[in-house]
Amino acid sequence: MKIQFLGAAKMVTGSNYLITTENEKFIIDCGLFQGGSEEENLNKEPFKFEPSEIDFAILTHAHIDHSGRIPLLVKEGFTSSIYATKPTVDLCNIMLLDSAKIQESDTQWENKKRMRAGKPLIEPLYTSKDAISSLNNLKPCYYDELVVINENITVRFSDAGHILGSAIVEIWIKEKNKTTKIVFSGDLGMPNKPIINNPSYIEEADYVIVESTYGNTIHENLETNVLDLIKIINDTSMKGGTVIIPSFAVGRTQELIYELNNYYENNEEIAYHQRIPIYIDSPMAVKATEAFMENTYFFNKETKDRILSGDSVFEFENLKYVSSTEESMALNKVRFPRVIISSSGMATAGRVRHHLKHNLWDENSAVVFVGYQANGTLGRLLLDGKKEIKLLGEEIAVKASIHSLKGFSGHADEPMLLDWLSRFKEKPKMVFVVHGENDEQVQFCSTVKNNLGFNCIIPNLFDEFDIDYSGKTEYKELGKESMEENLIVEFQSLVDTIKGIQNRNLSIKFKDIDSKKYFDIKRNLNEIKDNMMDLSRYLDNEKKS
Ligand SMILES: [Zn+2]
């Protein structure tokens, strides 16, 4: 069989891998290329495969550099299933539609210029209609379940700890009666992050495809960075300035809200009038936060416990969600100390560019980056210390202080990546290092070779490799003991959830009930009761046998 690297090879965006076996062709991820115009032009190139010939697709997570060309794939003739975790499917509902809207409005803008210049008009990469129709192809899965795609291919998603629903993908491929196992790390996260679980470890693989965004970096400590952020917010507001935080609407923004909520929950002595107003100015972040709350099952224990104890983790007094354009524009009409968290995370598009335009010139203001800034993006230019930039058609002097807090990163750093790789019990036949920029990749590859003794290679974009059967990793069924252990843990967590609800004061909670909410809750309760009856019948049968 063959694997071809069609994106995120010697770069961090456009994730897309093609696997061709004797019986099938499938892809992992189908992301947009983002960053400078050179990368973005790659989006307009035709796929290197015939979309109608692809048997199925697997999606590691919802970030647009992994999912953003799915509507294009479907538009070009792909008709089959795309397997992803349930939160990924829910988040794609928001993100792909948003991406389509950006494609449409960018094209409209470009066409106005073309019309004036007498040039031929162009079409958007895909439209909202394409995005909506592509969502029907997504098939939601849960972590740890075996997804039998056909008689030759079985897939399992494990938590990658990067964003909600992010997955490491194990794929068992049968060819000529022999099974080869390929593991895609997807984007790997750091342990002990807010909201989401720690990345899982995988113990067996013939071939590993591993990300390397921070393959040569050791991250700052998250807890220290949270304190740094609070200090920047307090110092800036003392000077009367604004803090702008460009942030990915999905994931990073919810983590920031979660951390700020914790801070105010733990410091109740700070009176309301002393609390700096915090605006989440991103309609997509508002929708993503709702999608998060639809998927609390996938949260880590600490967050679940907080919710069960009655803490609305994404809401606090001085936090305001901004959806409408009018409200967003109004933010820049009056100057007062505040924090504006807005997307996009690399300041390449979106409302944050307006806020930067209105605040970068002000030496009392601050810009705080809390995520990766790819080459060629406005975020990277600011981090590199550019003193003057062109933004929304204007020259802007950069006088605000620029900060970068790397502890918030959603990507594993070098020690974590090495730790993750070191858990493979036997050396994989080959480790392919992807999703990184040149220096990080070269250094990481040599660290992997030196420290772990693994064969390691950095594929070029469009490189193709033969992957032979190595005979090490037939799929092993879960042992009886692990099955028993898993079920006991799951049942216990269900019992804990119910206990958590029991401890709440129900009559206070339902004081302001209206008829819509009443029937929503009733329906939910009925469904749960129905499922509980099924479970309890199963336990009775177990007892009898
Ligand atoms: Zn990602």
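Analyst: Axes are lines fitted to C-alpha atoms, for helices over the stretch in contact, and angles run from 0 to 180 degrees between N-to-C directions. Helices (H or I, at least four residues) and strands (E, at least two) are DSSP runs, numbered from the N terminus. This is a predicted model, in which local features need pLDDT of at least 70 and side-chain atom pairs count only at pLDDT 80 or more, while totals for chains, interfaces and linings use all residues. Residues are numbered from 1 along each chain as its sequence is written, and side-chain values use heavy atoms, with hydrogens and water left out.

Helix H4 (residues 86-117) packs with helix H5 (residues 128-135) at an angle of about 160 degrees, their axes being 8 Å apart. That makes H4 roughly antiparallel to H5, a word used for angles over 145 degrees, whereas those under 35 count as roughly parallel, 65 to 115 as roughly perpendicular and the rest as oblique. Their contact, meaning heavy atoms within 4.5 Å, involves residues of H4 including Cys 92, Leu 96 and Glu 104, and residues of H5 including Ser 128, Ile 132 and Leu 135. The residues of this contact divide into seven nonpolar, three polar and two charged; here Ala, Val, Leu, Ile, Met, Phe, Trp, Tyr, Cys and Pro count as nonpolar, Asp, Glu, Lys and Arg as charged, and the others, Gly among them, as polar.

Helix H7 (residues 252-266) and helix H9 (residues 301-308) pack at an angle of about 55 degrees with axes 13 Å apart, and are therefore oblique to each other. H7 brings Tyr 258, Asn 262, Glu 265 and Asn 266 to the contact, and H9 brings Glu 302, Thr 303 and Arg 306, a set made up of one nonpolar, three polar and three charged residues.

Turning to the sheet, six strands form an open sheet with parallel pairing, in the order S14-S13-S15-S12-S16-S19, where two strands pair if DSSP finds at least two bridges between them. Strands S14 (319-322) and S19 (401-404) stand at the edges with a single partner strand each, so one side of each is left without a neighbour in the sheet. From one strand to the next the twist averages 20 degrees. S19 is joined to strand S16 (residues 366-369) by four bridges, and Ser 404 in S19 is the bridge partner of Phe 369.

Helix H8 (residues 283-293) lies across strand S13 (278-281) and S14, running at about 110 degrees to S14.
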